[in-house]
Amino acid sequence: MVVKKRCLLWDWTNSSGPGNDGVPWALDQCNFDGPISSVSNWNTWVPPELKGRAPYRPMIHLERELSSPQWDWVWNSDQPIVQYFNEPDKNNISPERAAQAWYGQMVPLRQQKGKKLVGPAVASDENGKNWLADFMNRVRDQPPDFLGLHYYGTNGNDAIRYLEEMHSKYPQPIVVSEIASIDRNAGSVWNFTVQLANYMDNADWIFEYGFFGCMRTMADGFVSPDAQLMQPDGHFTELMRKLQNEQPMIPPS
């Protein structure tokens, strides 16, 4: 039986729009009958090319999405899960402000619209951990349905230790909304991806995870080029083809 946990991180630039031709046809390469569980584009609008083939994960990326029209799109969305804040610890959003908006808008969204909420996805450094602890304490009587996490590194065992540490601290199922290797060695990137995908597929306390990222050009030089899931021309890389088809994943020979 296929375990569907792998969220496709589909960059918004893949969709066509004003001043951006995009590569919407590229989504037709995706095997939605395999381990791909959903699609996220770090925004509140559904990629038109998705065409209902998988659930969409709207994201309150930053505070701007708490205002119209983005908030209206979230409020009126028929999608069941909403992600709240992308690395607020690195974007000058305090736990106090995040908690205020949580009670003011996210909790009513859950109560009135029946949405499941993913908590803020923080970086895996000490600052991120401290930010998350502060936020979770502030919302302890209305906690998230899922714990949001990010992880970037070079060692798969370290990544697993981090996930297990957070699981031991918080009871919520985990959504790893971004994860990738930053190693510049291609073999290491493949081993990290294979190890973590197979581990997370088998961890019943991990609800969903997304490898970064399916985009023609990486946002910056942080993530390893060998971790990229899309070529500059819009075609999928071999790593992406394995992520969408193989379970368990097998290291390349």
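This report describes the fold, packing and backbone details of a predicted protein model.

## Basis of the model

The model is predicted: local features need pLDDT of at least 70 and side-chain atom pairs count only at pLDDT 80 or more, while totals for chains, interfaces and linings use all residues. Residues are numbered from 1 along each chain as its sequence is written, and side-chain values use heavy atoms, with hydrogens and water left out.

## Fold and dimensions

The protein has six helices and eight strands. Helices (H or I, at least four residues) and strands (E, at least two) are DSSP runs, numbered from the N terminus. Starting at the N terminus, the order of elements is β-β-β-α-β-α-β-α-β-α-β-α-β-α.

Along the principal axes, the C-alpha atoms fill a box of roughly 50 × 40 × 35 Å. Two separations within the chain can be given. Asp158 and Trp25 are 133 residues apart along the chain, with their C-alpha atoms separated by 37 Å. For Asp78 and Asp141, 63 residues apart in sequence, the C-alpha to C-alpha distance is 26 Å.

## Burial, contacts and surface

Of the 253 residues, 57% are buried. Buried means under 20% relative accessible area, exposed means over 50%, and partly exposed lies in between (1.4 Å probe, protein chains only). Contact means heavy atoms within 4.5 Å. Among contacts between residues at least 6 apart in sequence, 70% join residues at least 24 apart.

The accessible surface comes to about 11,000 Å², and carbon and sulfur atoms account for 50% of this. Accessible areas come from the Shrake-Rupley method with a 1.4 Å probe; for residues, only the protein chains shown count as cover. Asp78, in the loop between α1 and β4, is exposed, with a relative accessible area of 67%. Asp158, in helix α4 (residues 156-169), is partly exposed at 34%.

The protein carries 22 positive and 30 negative charges, whose mean positions are 4 Å apart. Lys and Arg count as positive and Asp and Glu as negative, whereas His and the chain ends are not counted. The place of a charge is taken as NZ of Lys, CZ of Arg, CG of Asp or CD of Glu.

## Nonpolar cores

In soluble globular proteins, nonpolar side chains tend to be buried together. A nonpolar core is here a set of buried Ala, Val, Leu, Ile, Met, Phe, Trp, Tyr and Cys residues joined through side-chain atoms within 4.5 Å. The largest such core has 66 residues, and Tyr84 and Phe211 touch the most other members. Helix α2 (residues 95-113) gives the most to this core, with seven residues. A second, separate core has twelve residues, including Tyr152, Ala180, Val189 and Met218.

## Helix α6

Helix α6 (residues 238-245) has Leu239, Met240, Lys242, Leu243 and Gln244 as its buried residues. These residues pack against β1 (6-9), β2 (36-40), α5 (186-202) and β8 (206-211). In the segment after α6 lies Pro248, and the peptide bond from Gln247 to Pro248 is cis, with omega near 0°.

## Loops around His61

His61 lies in the loop between β3 (59-60) and α1 (70-75). The residue counts as buried because its relative accessible area is 16%. Apart from neighbours within four places in sequence, His61 is in contact with Trp42, Phe85 and Asn86. Pro69 is also in the loop between β3 and α1, and a cis peptide bond with omega of about 5° joins Ser68 to Pro69.

Most residues other than glycine have a negative phi, and most peptide bonds are trans. Trp42, in the loop between β2 and β3, has a positive phi of about 65° and is buried, with a relative accessible area of 8%. Phe85, in the loop between β4 (81-84) and α2, has a positive phi near 70° and is buried at 3%.
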